[in-house]
Amino acid sequence: MEESRLVRGGLRLATAVVLLFVYLPLVVIVMYAFNESRVQSWPIVSYSLGWFARAAGDQSVRQAFFNSILAASGATAIALVLGSMAAFAVQRFEFFGRETVTFLVILPIALPGVVTGVALSTTFKTLGIDFGLPTIIVGHATFCVVIAYNNVLARLRRTSRSLEEASADLGADTWQTFRYIFLPSLRTALIAGGLLAFALSFDEVIVTNFTAGPGVDTVPLWVLSAIQRPNALPVVNVVATALIALSVIPVYFAQRIGGETAGVTR
Amino acid sequence: MRRIAVFLHRHPRLQLRLLLAAPLAWLALAYLGSLAILFANAFWRLDSFTGKVVIEPTLANFGTLLSNDVYRTLALRTLGMAVAVTLTCAILAFPVAYYMARIASPRMRGLLLVAILMPLWASYLVKVYAWRTMLLGNGVVDWVLQPLGLHGPGNGEIAIWLVFSYLWLPYMVLPIYAGLERIPGSLLEASADLGARAGFTFRRVILPLVLPAVVAGSIFTFSLTLGDYITPQLVSNTKMIGNAIYDTLGVPNLPLAAAIATVPVVIVVLYLLAARRTGAFESL
């Protein structure tokens, strides 16, 4: 089937318009970061780099980045371990309730974040657990499991079992097979899953809002409170620009590792 | 070490149990347990004097939920918003996905894929904040529209609809693109060989085959819209069901908040069940 020239032209135009729509707000924010004035009005009158220095020196911004990196690392590590174990069980064994495992893994991401957030915070309160970085990590790990799970499962489906069997036939024990056959074949799936889980955790705000204690800010929590203080907006613009720039990293790696990381699940 | 390995090899069921123990303990105990504790609260009573939750079974919270018009309005508004956002995303995403899958050169396709993925990973809050600054008075939107004698969408439902559609668009483009790419060229050739014109092939071959992918995308646009309380709070004065949960929790009235929280959960679960019938889960 060959689309007519008119259709092709129309589709090209529609794609261009949608991309413009997608990028316009990001461009506007980056431009505001260079705005000399404290007031956000359009068009921008004069440009300056001053707010970048101000943001870099801001102690609360640094602390928020530090907390976010810690939280995302913890959540990613837990999610990779739990997700791989679940994926392995579902892919390599037949058992009653296999579907249920898949459903359980997907549920935290399918239910609205506000429900997950309220549920976790209620439980922490009921059990008398203090809110802080550990509670943030528990919340994030819960919805990051699905990403590790999806990536590892997709990889396991494509690697044949004959390699493992050959390894066993040649006298390797379970550990050796795991070390020399599995880990290498899962490596890129784990990296891709870990990267996406990290990015998801780094960006999460709804569940975090419920599971963070007073005084513990992640980057999104810092942005959320700073947005509502007109005085802080110039620094927010700089942080926003940094976050937009950082989003290139997961995309770059995902592209290099290969298209199979498709998982739009987040 | 070696003896453990041999033992495990001989007992695959034990291997399975060991593998499942940790993930299931986490998800079933920590997550389902938390949900159970939350929804149990929906059946407890709030003592209006002490402000404490009293463990005393009652359906009063659900009574409040059903009898109070505010909640019905919020639920319907949120549901309508989820439908409107889903349709908007589908309409905007389809031409882009189609162009990427069937018309763009391989090089262009790669570039477009990156162009669509990038904003997906750009911070959610940054995007909402960008719209907030653009929609405010003296912002970009007013600057563009004023010379035309128009004004921005203000801070009502239209602003929320616009920002949600913007935020979730990539979640719709990617599954539709993947769905279109999976359609074998031979099917389309067969359709043409049998005398179908392009429009007919599109309606009778491409659309039915890509529908599960559209539904897969709609799972994201739909459920993300249902639970979000931050975007409505930042770009408008209009409340959604998520805001009602958040505000009621702040009262604090945990039992009523838990009862309200059942609304989006029920809607999402029904939607997921309906979506599963179309085979959308295989397109996720």
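This is a predicted model: local features need pLDDT of at least 70, side-chain atom pairs count only at pLDDT 80 or more; totals for chains, interfaces and linings use all residues.
Residues are numbered from 1 along each chain as its sequence is written, chains are lettered from A and ligands numbered from 1 in the order in which they are written, and side-chain values use heavy atoms, with hydrogens and water left out.

To stay with that pair, the axes of helix α3 (residues 59-92) and helix α6 (residues 133-158), both of chain A, come within 5 Å and cross at roughly 40 degrees. That makes α3(A) oblique to α6(A), since angles under 35 degrees count as roughly parallel, over 145 as roughly antiparallel, 65 to 115 as roughly perpendicular and the rest as oblique. Axes here are lines fitted to C-alpha atoms, for helices over the stretch in contact, with angles running from 0 to 180 degrees between N-to-C directions, and helices are DSSP runs (H or I, at least four residues) numbered from the N terminus.

Between the chains, α4 (residues 98-110) of chain A and α2 (residues 12-41) of chain B have axes that come within 10 Å and cross at roughly 50 degrees; they are therefore oblique to each other, and their crossing is left-handed. Residues of α4(A), including Leu104(A) and Pro108(A), meet residues of α2(B), among them Leu24(B) and Tyr31(B), where contact means heavy atoms within 4.5 Å.

Methods. Helices (H or I, at least four residues) and strands (E, at least two) are DSSP runs, numbered from the N terminus. A crossing is left-handed if the near helix is turned anticlockwise from the far one by less than a right angle, and right-handed if clockwise.
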